[in-house]
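Here's a quick tour for anyone meeting this structure for the first time. Have a look at the picture, then read on.

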Amino acid sequence: MDKIRVRVPATSANLGSGFDCCGIALELYNVFEFEKISKGLELVNCEEEFANESNLSYQAYKAVCDKIGVDPSVKITIIDTGVPVSRGLGSSATLICAGAYAANKLHGCPLSKEEVFAICTELEGHPDNVAPALFGSFCVSVTDMHGNPYTVRTHVSKRIHFTAVIPDFEVQTHHAREVLPELVKREDAVYNMSRVALLASAFKSGDSQLLKIVTKDRLHQQYRRPLFRNIDEIEECAYECGAISFMISGAGSTCLCLSTKSMADKLNEKIKCLPNGWVARELEISKYGTKEVM
Ligand code: HSE
């Protein structure tokens, strides 16, 4: 096999209490094609600024090739970009997972899924987006003292609807991390620990009363809210439209609502007059993660 097309879903990390360890895959996709070539790197349909060896899809492709000892020469074509950039929906994880998955597959799958996951985590710096981007559904991840990641994937109940509310402004992850305190109060740590321990089972059962409680957080969102224009109005409108939970998706700028019924149309009607182009989109859970497509 010399050529492969790979589809990777968007991901929403944290889900409130699961800061830096939980994430969910959503049906919004980036698609890339990788083709072995005799020499060098070609990047097609890529903005000039990113069309070089530091492109994350190439970095991941090369990391896998280096690990298995093969030549990393490749032509990478961006086929579809459904995942908005710097909006807290895991666009960098899509590049990394696509590159690593494609390199492994094009060379006969010498690496296990776990080894591919470890390479992706090292490149991304944390596993909360790459785990659901690779494996789909809801993933809780942990890294051991050597940085090796482990993840457990959970099925998500169909009773829960996910609505992403996406603005036209970007939030850079490093900026959204700079505003977080170095130390947290013990009561805030316990507040999140008790909730995140129940997060996977709440998503699995779809128990809306439990989800309402366990998606609350005291470790990151209150510090990040000042970075988000109109977040108070968006949250108020979301609850008026039936949201049971309202969260910052990853480091933002997208917000994520959970509900027991569809709410995107109603919410769009309410928020259309607000500045910053906020648009609500209901998204299904992506069950399969990174996948070869025709
Ligand atoms: N868990 C990360 C954060 C996600 O909240 O900063 C961003 O990639």
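## About the model

This is a predicted model, where local features need pLDDT of at least 70, side-chain atom pairs count only at pLDDT 80 or more, and totals for chains, interfaces and linings use all residues. Residues are numbered from 1 along each chain as its sequence is written, and side-chain values use heavy atoms, leaving out hydrogens and water.

## Around the ligand

Let's start with the neighbours. The ligand is surrounded by N14, F19, D20, H126, D128, N129, T173, R177, R224, G250 and A251 (a residue counts if one of its heavy atoms lies within 4 Å). By class, that shell has 2 nonpolar, 5 polar and 4 charged residues, with Asp, Glu, Lys and Arg counted as charged and Gly put among the polar ones. Domain 1 (3-155 + 287-293) and domain 2 (161-283) each give at least three residues to the shell; their bounds come from an automatic or database domain assignment. Helices are DSSP runs of H or I with at least four residues, strands are E runs of at least two, and both are numbered from the N terminus. Both α4 (127-135) and α5 (173-178) supply at least two shell residues.

## Close pairs

D20 has a polar side-chain atom 2.5 Å from a ligand nitrogen. For D128, an N or O atom of the side chain is also 2.5 Å from a nitrogen of the ligand. The protein buries 94% of the 260 Å² that the ligand exposes when taken alone (areas use the Shrake-Rupley method with a 1.4 Å probe).

## Two backbone spots

The peptide bond from G252 to S253 is cis, with omega near 20°. S253 sits in the loop between β8 (245-248) and β9 (255-259). N45 isn't a glycine, yet its phi is positive, near 65°.

Definitions and conventions
Polar contact = N/O pair within 3.5 Å; in protein donor to acceptor, adjacent residues only side chain to side chain.
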